[in-house]
Amino acid sequence: MTHEFEALPGNTDDSRQRVSDEVDRDLRADVRLLGSLLGRVLVEAGGHELLDDVERLRSLVIHAYERDSDASIEDAEALVESFTPERAEQIARAFTVYFHLSNLAEEHHRVRVLRARSARGQDAAGTDAPAADSLPAAIERLVGEVGPDETAERLQRLRFHPVLTAHPTEARRRAVASAIRRISELLAERDDAASGSLTAIENERLLLEQIDVLWRTSPLRTTRPTPLDEVRTAMAIFDQTLFQVVPRVYRLLDDWLLGTDAGVEPARAPAFMRLGSWIGADRDGNPFVTASVTKAAAAIASEHVLLGLEHAATRIGRTLTLDEADTPPDAALRQLADEQRQLAEHITSQIGTRAPNEPHRRVLLVIALRIAATRTGDETLGYGRPDELLADLRVVQKSLRAGGANRSANGELQNLIWQVDTFGFHLAELEVRQHSKVHRQAIEEVRAGGELGEMTQEVLEVYRTISYLQGRYGVDAARRYIVSFTQSSADIATVYALAEAALGSAEAAPVLDAIPLFETFDDLQASTTILAEMIELPAVKARLAATGRRLEVMLGYSDSSKDVGPVSATLALYAAQSRIAEWAEENDIELTLFHGRGGALGRGGGPANEAVLAQPPGSVDDRFKLTEQGEVIFAQYGDKTIAARHIEQMAAATLLASSPSNENANRRSAIDFAEVAATMDEASRDRFFELVKADGFAQWFAQVTPMEEVGLLALGSRPARRGLSVESLEDLRAIPWVFAWTQARINLTGWFGLGTALAAVGDLAQLQDAYARWPLFTSMIDNVEMSLAKTDLRIAERYLALGDRDDLAALVLDEMELTREWVRRTSGHREILDDRPVLRRAVRLRSPYVDALSLLQLRALRAVRASGSTDPDDAPHRLMLLAVNGVAAGLQNTG
């Protein structure tokens, strides 16, 4: 027995060793180190007996997984049942902490590889060329297809617009995330420490200290996070990464565009990213998001961005020690300095005393003080709008250029200009979302007259809040209003009618862009009819005239998948996008499609840059907007290097999606494989309905997954369901629907029906041709492979056995096997993920450990149901949540 809680260097059998040998040496060393340190912490906390129990369970699940041994999994299950409640919790926490450590080791190694490639100027294959998914490669390809002038125009209108959303099944506490970040920082420091030196010894001691803190930090929330808690969690991402990373991405592009003239010539890279947020503004199904919460959320975000801008302006101002004899100010800077003196003479005189002959420094330091005044609400000294600040910064920049200080003009000052251009005074636009049904009820009350109900008063107060936010932070702080379950143009008209009712007149109402959200299959089918009626509404006509006929339309991936199954939903979404894009072109509309994607495959997840390239012709047009949710936010934006890579990949894909070659490939394949799509659509939907429309399905679903029990746990601020109980799928929110199947290790929402669909086509040569030439189909197969890789037959069987419907259980298992078989045949892979060895190894190495947590969760689930308790603080519920945390960390997605 090694007394080391480790995975990658495992020594249980030869096959596992062969897999481990393929993993990068540095990554293996990191995981071995962290596993060993965790083992020491476990011994210190619970004695050798605790580590012995962990090792016994670890050995059994590894043997069961590698040898496909039913006996070993039964022995592991028996061991889990033998643990005392206290020991079971300790074991669950140990495996969960291990996953947190291995996740951060993998993230650290990814950063290590990206930095090494960047230092060598190499792509992913190690060649001295821009990576195929980089912005330089995308621009080079576009130049070859459309020429340099058209490419430059496309680059200027490029827009990547992620929208951060809270997650109702977010399993990880912020305190846990903070501890993980500290360990990650220490691991990074270790790379710079010489082995055996005092620094390395100290680093190991600090790692032990922080791993001990992580172990002793309760992973369980005692109360549900509030919406403002979720806002503050998102702000940590902005402070730690996005504020610095976004201008860095622009700078990397600008350096490539300008070459040796970088820093001397004016920047060419546009500020192509905009950030949105639903956190604190999305009230669809969340009674805890009120108008006051939205106002507070905006204030928190503004505080963070204005502090960032203030500190940046102050730092840059202090470095602009350019003497006016060498860098004389131009007339515009002198005029700005005079205006500043008239605005606040006492401040300008104090700064002038410290920098009498440095006019650029003086002006920029006053700008920094004005940003601070904006933050504190000083209307006399503060800026009214971000445009005013940008104008002042550009005056300084132009004067520096006129004085010959091009590098000062185009360096850090340009970064600050990019930051203001990207984030404004609001950081992320708050996008209000509400269900169309709520609006209908509210407008009925308003038109009926009399005393208004509490809900209607709250709806009207939201509009007043939007008006306040626009006055305080600018129109772009909150102008988008999303209507969930838009079923007619009347649902859009109601948005404007309520705004007029709230503010007293149309003239007093805030600026609003009402955005229809098409979620169900029927609504997707009716989308263009609804849009055609919508643009005839007077309020929408006015907005189209004001914006240059710009219109945004949102597509929901979650509910459409729950409605007709993942295969039909994917095909329906593609068809809807194609129709909407054609409609927009016919009506001279500049269309932006907003993709409501989640992290899990059942919610449109998977590699987002690949999904962008698979969109229908005309549907991207150099603009891509999507939701970034839950664990995806931390995975994509939690580290600066990874965040920069993600933003660049998404921007590059957005440019390439509209390239003639990509659009032609998508157009051609849609025609060539139209019959295949129709066959798959009908067969998969029939199969899906056979399951979900069976009598008693909703109740059976609640039996065979931990959906009901997880709904009692303090995970996110939003309730998991719309009603009091799940009598039908319509009562259940789409995210918990995905979450529950994931926790049961079945992942049904990502693949169910595909096997039947492929078998219905039947022509293997045609399917393989589609896999080679049809981007949408390729993405579907690849994503399903990922989903299937994270399923586990033996664990799934145990969850399905919790129900009383052998027919439905058999239907799920038969479809799982059929899908696995046809996906392998279609892709030509010998085994799942055969062409993605890194991902395959990661899944294989993690799966046994997730099995251990699943067995613990099954134990807890049986105990909860046997007792009938609904107390989230009792031992079975505690074990349940610990296992939920662990499975989420191990699979690296929750829903």
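Me: What should I know about the model and its numbering?
Reply: The model is predicted: local features need pLDDT of at least 70, side-chain atom pairs count only at pLDDT 80 or more, and totals for chains, interfaces and linings use all residues. Residues are numbered from 1 along each chain as its sequence is written, and side-chain values use heavy atoms, leaving out hydrogens and water.

Me: Which residues form the negative surface patch?
Reply: D70, E74, D75 and E797. Patch residues have over 30% relative accessible area and no salt bridge, and like charges are joined within 9 Å. A salt bridge puts a Lys or Arg side-chain nitrogen within 4 Å of an Asp or Glu carboxyl oxygen.

Me: Which helix gives the largest share?
Reply: Helix 3, residues 70-82, gives three residues. Helices are DSSP runs (H or I, at least four residues), numbered from the N terminus.

Me: And where is E797?
Reply: E797 lies in helix 37, residues 793-800. Its relative accessibility is 36%, so E797 counts as partly exposed. Buried means under 20% relative accessible area, exposed over 50%, partly exposed in between (1.4 Å probe, protein chains only).

Me: New topic. Is helix 16 mostly covered or mostly open?
Reply: Mostly covered: 10 of its 12 residues are buried. Among them are L413, W418 and F423.

Me: What about R543: buried or exposed?
Reply: R543 is buried, because its relative accessible area is 18%. R543 sits in helix 22, residues 538-547.

Me: How far is R543 from D513?
Reply: Their C-alpha atoms are separated by 7.1 Å, and the two residues are 30 residues apart along the chain.

Technical notes. Patches are made of residues with over 30% relative accessible area and no salt bridge: like charges are joined within 9 Å, nonpolar side chains (Val, Leu, Ile, Met, Phe, Trp, Tyr) within 5 Å. Accessible areas come from the Shrake-Rupley method with a 1.4 Å probe; for residues, only the protein chains shown count as cover. Lys and Arg count as positive and Asp and Glu as negative; His and the chain ends are not counted. The place of a charge is taken as NZ of Lys, CZ of Arg, CG of Asp or CD of Glu. Helices (H or I, at least four residues) and strands (E, at least two) are DSSP runs, numbered from the N terminus.
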